[in-house]
Amino acid sequence: METPTPGASSRAITQLKFQNFSSCVDVSFWHTLSQKKLEEFKLSTSPVKIIGTYGLASNLQKDGKSLKVPARVMIDEGSFRDSKVLDNDAFLIEGLLMNANTVEDFKAFDKRKIIQDAGSALLEDIKSGACTTEPSKLNKYLLLTYANLKTHRYVYWFAFPALCLGDILLHGSAPKPVTDVLKKDKFSSLLQAYSAFRAKSPKNASYFAVTIDKKTGQATISSLSDLKTSLGNQTPDTTCYFGFADPSTLELYPGWPLRNYLAYIHHTYNLESAQILCLRDTADSWTRGSTRSILIDVQLTKATGQSGATATTKGWEMNVKGRPGARMVDLKSVFDPKMLAKTSADLNLKLMRWRSLPSLDTELLGKAKCLMLGSGTLGCNVARTLLGWGIRHITFVDNGRVSYSNPVRQPLFDYEDSIGGKSWKAETAARNLKKICPSMVSEGHNITIPMPGHRLHQSEIKKVTEDCKQLESLIVSHDLIFLLTDSRESRWLPSVMCAAHGKRLINAALGFDTLVVMRHGVRDSKEKSSTHLGCYFCNDVVAPTDSLSDRTLDQQCTVTRPGGAPIASALAAGQHPREREKEREREKEREKEREREEERERKRERRERKRGRERAKQRKKRERKGLSEREREKER
């Protein structure tokens with residue numbers, strides 16, 4: 001067991017022990033991991049570089065007594081970045097994240113091999129001198145994870161690889177406060193010098209060297225790159241200490257980073273003993289109380305005889321039961337319910353990109369603005385389908401009210417909405433859509449669409465003019481228009497407006513057991529061709545007229561077979577994403593065709609060059625043959 005009992009007697013200590021690192025994961029880390037798993041990592045299990053931080057020994061107190069909190073390595077949403085702004089008492093630690101796709105894959109991780117490989121890489125860095133130029137390589141961590149994105153449960157296991165080089169014994173007396181060697185004013189100067197040293201290279205300031213002049217008590221700080229010079233210049237009047245930023249909160253025992261530091265000292269300098277400065281104070285904390293920094297004399301004689309082939313590595317963190325094993329955190333109750341609803345709603349779409357539809361642009365769909373002209377059977381079903389496609393901005397237009405016959409066919413209304421017939425369809429649909437998905441941007445407009453063949457009273461002209469202006473404004477401000485009204489003539493004006501403003505329009509209509517879904521095409525301004533799709537009225541030989549007057553009730557209502565509306569809605573809502581996918585596929589095909597044509601051209605050029613070389617050979621052969629014939633003629 002690496003962590004000793006805090007109250008152990010200093011006289012009974014014979015073997016140097018260390019306070020283990022303890023992991024501390026912020027909720028924001030899991031949220032960021034979930035996003036990256038969906039959008040970047042997907043099915044990849046390749047290791048990902050991350051960073052974390054740990055601090056100097058904490059001096060937390062309660063009721064006048066010091067709290068022995070563990071030395072913590074903390075990670076959060078910023079751990080996925082390349083760098084991080086550090087506090088005065090914080091230090092960077094690099095890590096490696098390995099995320100499994102299933103819990104079975106997580107259990108199948110070869111933990112022994114993973115940590116042994118990390119230890120071998122560390123030992124190689126020590127022997128090659130990489131740790132001398134970059135001391136931060138001495139301190140690393142591993143993180144195995146499995147993220148269940150449906151239940152928001154996360155299984156994880158930390159490891160802090162440390163080389164084991166045999167028994168390391170204390171030399172002489174127990175650890176002593178640094179103020180037993182340095183006077184308080186000199187120690188204060190040392191802390192100031194260390195602050196200046198750390199400011200130059202925050203990343204590599206966790207390991208350093210300290211040279212103390214015995215006569216003057218003056219201390220100087222140098223990097224590991226200059227340590228050989230400091231040891232070479234050492235005189236009887238100077239003492240050289242190997243210093244490191246110590247996160248340990250125990251008075252008699254150093255922190256986990258010292259383990260690899262001792263391995264570095266042994267392999268790099270082949271020393272049998274070393275004097276260690278465990279720095280636990282900063283210039284700011286020193287002014288507020290007594291020092292917590294200590295000095296340790298370490299004997300390294302029993303560490304000899306080890307090599308990279310036989311040296312072992314340890315460091316897997318214990319679970320909450322104090323046994324080697326993974327930990328689990330359930331964040332379903334911690335996350336904001338609206339945030340959970342948003343991420344869960346997009347889960348299906350993002351999973352499509354893993355295998356089924358990798359080119360699906362969910363970000364583009366999320367930004368698209370859709371206008372529903374009609375909030376009845378088709379309007380409600382199309383809106384629900386668009387919700388599944390990731391559309392998060394839907395506007396409804398209708399002039400009707402919710403009746404008792406609507407809720408059974410129109411899924412955005414319920415019985416409460418139909419009581420009294422006072423609820424406007426467009427406003428009620430928008431409000432209930434937000435109840436389904438709180439992150440929706442949805443609104444309803446009570447607008448009457450003017451229809452050819454329907455006479456207007458003089459008093460209605462002003463209202464109709466205002467409705468036309470508002471309808472045109474809505475069409476201009478939206479990306480995709482769905483024409484879902486229940487009469488033929490009500491489709492005419494929106495069709496004209498969409499054609500005039502170059503807007504894509506999806507038209508859907510229902511019969512009893514028939515349906516029509518069509519896309520009104522617009523010509524892209526970049527295309528040279530003038531060909532584009534027609535509209536709902538292109539094949540009509542007569543203008544739209546009043547089709548509602550003098551009709552019986554079954555002819556005025558949209559009487560359709562149950563189940564027809566969801567089918568038509570699925571086809572209508574699928575038009576826009578599919579069209580983009582088809583266009584991308586066509587572009588890919590054109591690109592492939594260009595590549596094939598270039599390859600054919602290169603082959604033709606190679607064949608021509610080959611034929612040219614063959615013709616040249618034949619010509620030379622004929623010339624040589626002609627020369628031989630002339631020589632034979634001369635001889636005769």
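Reader: What covers the buried residues of α15?
Author: The cover includes β18 (370-373), β19 (393-398), β20 (441-446), β21 (480-483) and α16 (492-501), with contact meaning heavy atoms within 4.5 Å, and with helices (H or I, at least four residues) and strands (E, at least two) taken as DSSP runs numbered from the N terminus. This is a predicted model, in which local features need pLDDT of at least 70 and side-chain atom pairs count only at pLDDT 80 or more, whereas totals for chains, interfaces and linings use all residues. Residues are numbered from 1 along each chain as its sequence is written, and side-chain values use heavy atoms, leaving out hydrogens and water.

Reader: Which residues of α15 are buried, and how do you know where they lie around the axis?
Author: Val464, Asp467, Leu471, Leu474 and Ile475 are buried, that is, under 20% relative accessible area, against over 50% for exposed and in between for partly exposed (1.4 Å probe, protein chains only). Seen down the axis, they fall within an arc of 95°, so they line one face of α15, the arc being that of the directions from the helix axis to the C-beta atoms.

Reader: Why is Asp125 said to have no salt bridge?
Author: A salt bridge needs a side-chain nitrogen of Lys or Arg within 4 Å of a carboxyl oxygen of Asp or Glu, whereas for the buried Asp125 the nearest side chain of opposite charge, Lys137, is 4.6 Å away.

Reader: What makes Lys113 and Asp117 a salt bridge, and why is Lys113 called partly exposed?
Author: Their closest N and O atoms are 2.8 Å apart, which meets the 4 Å limit, and Lys113, at 49% relative accessibility, therefore counts as partly exposed.

Methods
Lys, Arg positive; Asp, Glu negative; His and termini not counted.
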